[in-house]
Amino acid sequence: MAALNHQTTATSGRLALGQLWNMFAGWVGLTGPMAKRYKRWGRGLSTAQTQLRRQYENNRRLPGTSAAVRNRESTVESAAPPARSPIRQQGPVAGDGGASEETDPELSENCPEPNGYFADAEQCDKYYQCRDGQITEKLCPDGMVFNDYASDQEKCDLPFNIDCSKRPKLQTPIPSLHCPRQNGYFASETGACDKFYYCVDGMFNMITCPEGLVFNPKTGICTWPDEAQKKGCSSEDVFKFSCPKVNETEAATHPRYADPEDCQFFYVCINGETPRRNGCRLGQAFDDLAKHCEWARKVPDCADWYKDRLTDEQLEALENPPTPKPKPVSSASKPSRRRPAKRPKKPVDEDLFLEQGAVHGLAHLGRPYLHFSEKLLWLGLIVTSLYFSVALSFVSWDRYQTKGTVVAIEKDHYYWNTSMPSLTICPLKRIYPPLLTKYCNVNGITDKADQNELFLFLESLANSSYFNFGNIYHNEKVDRLVEMLQLVPENYMKVIYNLTRDLSQLDDPELRVRTQSNLEFLRTYQTLTEYGICYTTNSFISSNLTASLLLEGRAKPLDHFYSTRVVRDVRFGNLFDGDITYSFIGFEPPISIFYHSPYETLNIANFQPLTNEAQEFETFSFELVSNNEFREHTTISQRGCRFIDESNLTHYSIYTKGLCQQECRINLAFKLCGCIPHFYPNPPGSYEKTVCHYKQLMKCLPRYQKLLLEFKQDSNDQKDTACYCEPSCISSKVIIENRQVLKQTQKLIGSIGGLVVMKRYPLVRFSRQLLFTFTDLLVSIGGTAGFFLGFSVLGMVEIIYFFTLRLVWYIAGRR
């Protein structure tokens, strides 16, 4: 009689077949959140887990029992819980590929927990379900084993991902054509190196590894020939260059040899045996005598190597780059040499001003027959009136500056055109293997194992953001490759961009990412987001956020695909259009779909989990609009909002509230960690910031994940971190009324994506309007001054007259 036993898994990372596994898990009906990774990297037992293991071994020696159930591992260090009581199991070991069940009422009081799923101690594909204290024995599908990662999840996994060394028994296999078991990855019977079979419910699908890789039956992934060590699949013919034999002393220096066919490249022989191809900078050539890179015009055998590619002026600019001009010293920093202005002389005819001034009360101060106390009384009244006049004028000015606009409600919905929501889709497959292979060959990385390690690193880096920085793939080999490539953090995103295909500009119209609404097309752009390189459609701002513009400083030319088609930037609809829709397709699974306003970009704080199926969104939108008059007669401080082209951001040329929050994250990350993530644009200049090394991304930023995403230290924070962003003057609020999964879409049209449907239209909308204009300000201030002082425009002219023209005449001798 066996016992339930939770086994600690220690699996190696497998990214090459991750997408196929996600599809497989959906087909066989396995449960569990798709956003959790099915790979765990070198997961060891903590102190509490070691105590549980010892307690389990001690319980196995108790008389009358054969095994014991131990509690689940704790994700934090804590004291080990008491040992569980023994549990018996019933039922046959062999299964028919489906889950077999048999409940024994006598075992109800022996469940380690009232509810959960627990692994068998001897058979890796057998597990037990405890529901309200009742035990049910179950089997995974043939070829799968039980994943005991969490006791509250019923999940079967591939044997490559689970450690079954402590419970090696399996159910009787049910073989079929090319499938030794019903499910899994199996090598080809013909001995083909790069082919294997992917089996689901006994149905096979032959898969070919990427060029240069072979199938490794021990790990279930495509890997390099020297790693697989598969007979008949060696890598002898991979290298076209052989390192000359040298003595041990010279071999330790990793000798270099010129490429006989290309002056710009050379070979580094690691330990004198393994060749690696490397290259010099543009304009340079490898000097085989000096054994280092030198300007091509100084290497005799390669003096004319760039003759057909670069002009003499370009070579001269590369060899002698212009020295940047020093910034001019601002005039504010220089001490002023101007003499202070002389104070104007007090006019002698001040009594004339007092007697003839238009300000009420001043005339009494100029009458000589009034007593001093009377003049003092009038002076007090004038000062009091002046105080209230100035104070109320400042109130009117403050109202004009901060409260001069209002958001009104409009109800004339018959004539509105409402914009549909925007979609941004981020595919998980970003690095294109052929481009990576070419990049590696150009930079002297010809070893397939090194190329695979670099692929895993760059793919995980391209898919990283605030919620998964800790999952970036790295090891000592990755560190060596990054150092050999001289890949600095500032170039992380440029390298990823150059190794990523623009799916929106593929030549085949059936394979490209596209958006279609009936017979019309919507423009689709490859954009740079906080989740890396994604694709956005139906947007007013995505043309300003393209990856090429933010990373290279130039926009891509217009795609000829749209030259003969009806194209829109944004799809609008009104009450008379009825139901309107558009489909955004052309993606390979898995993908993450973000919906947002067409005036905004995606918000990484609202991360959407990965999906392997297309999804339909039934939406409803409210819009906040304004007009040209509102913009022309107000300033930013007056209206309290910004239009798109009124950017005050240092890393983006346009403004939205979402982009402002991204800049808050940039500044906050730089303050906390001294660097910023690689996926942000970082234009050169005074606002340029240090980009995080991938080790900094893994160590520093995950500690502040909630603070960076939500601007809060924890869930109990009532006050957000200082990050004030003015709202956008034009925006919309998107509401998802219904969301459903469109299954089997890839089989029907060959790709997946998102479908947006708008069936209802708003009956009201909000409009920003000017309530207190400059004319109203003049009337308010003039009325206040006239009420308290009897002041007018002519009174202001008199003051100017007495202290300018009249003063000049007095100085000139005219009385």
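A charge counts as sitting over a ring if NZ of Lys or CZ of Arg is within 6 Å of the ring centre and within 35 degrees of the ring normal. Arg642 does something along these lines too, with its charged end over the ring of Tyr655 at 5.6 Å from the centre.

Before going on, a word on what you're looking at. This is a predicted model, in which local features need pLDDT of at least 70 and side-chain atom pairs count only at pLDDT 80 or more, while totals for chains, interfaces and linings use all residues. Residues are numbered from 1 along each chain as its sequence is written, and side-chain values use heavy atoms, with hydrogens and water left out.

How confident is the predictor? pLDDT is its confidence in each residue, from 0 to 100; the mean for the protein is 80, and 79% of the residues reach 70 or more. Over residues 1–109, though, the pLDDT is below 50, and this stretch has 248 contacts in the model beyond near neighbours in sequence. A contact here means heavy atoms within 4.5 Å. Residues 331–337 also stay under 50, and for them the model has zero contacts beyond four places in sequence.

Now back to the rings. A search of the whole structure turns up 30 aromatic pairs. Rings of Phe, Tyr and Trp (its six-membered ring) pair if their centres lie within 6.5 Å; planes under 30 degrees apart count as stacked, over 60 as edge-to-face and the rest as tilted. Tyr466 and Phe679 are edge-to-face, because their ring centres are 5.9 Å apart and their planes stand at 80°. This pair links distant parts of the chain, 213 residues apart: Tyr466 is in the loop between helix H10 (448–462) and helix H11 (476–485), and Phe679 in the loop between helix H16 (657–673) and helix H17 (694–699). Helices (H or I, at least four residues) and strands (E, at least two) are DSSP runs, numbered from the N terminus.

The cut-offs are under 20% relative accessible area for buried, over 50% for exposed and partly exposed in between (1.4 Å probe, protein chains only).

Tyr595 and Phe617 make a tilted pair, 5.8 Å centre to centre with 50° between the planes. Tyr595 belongs to strand S26 (residues 591–596) and Phe617 to strand S27 (residues 614–625), 22 residues apart. Here Tyr595 is partly exposed at 31%, whereas Phe617 is buried at 1%.

Strand S26 turns up again in an open, antiparallel sheet of four strands, ordered S21-S22-S18-S26. Strands pair if DSSP finds at least two bridges between them. Strand S21 (524–529) and S26 are at the edges with a single partner strand each, so one side of each has no neighbour in the sheet. Six bridges join S21 to strand S22 (residues 532–537), and Thr527 stands opposite Cys534 in S22.

Another open sheet has three strands in the order S6-S7-S8, again with antiparallel pairing. Strand S6 (184–187) and strand S8 (203–208) are its edges, each with a single partner strand. S7 (residues 195–200) is joined to S8 by six bridges, and Val200 stands opposite Met203 in S8.

Notes
pLDDT = per-residue confidence, 0-100.
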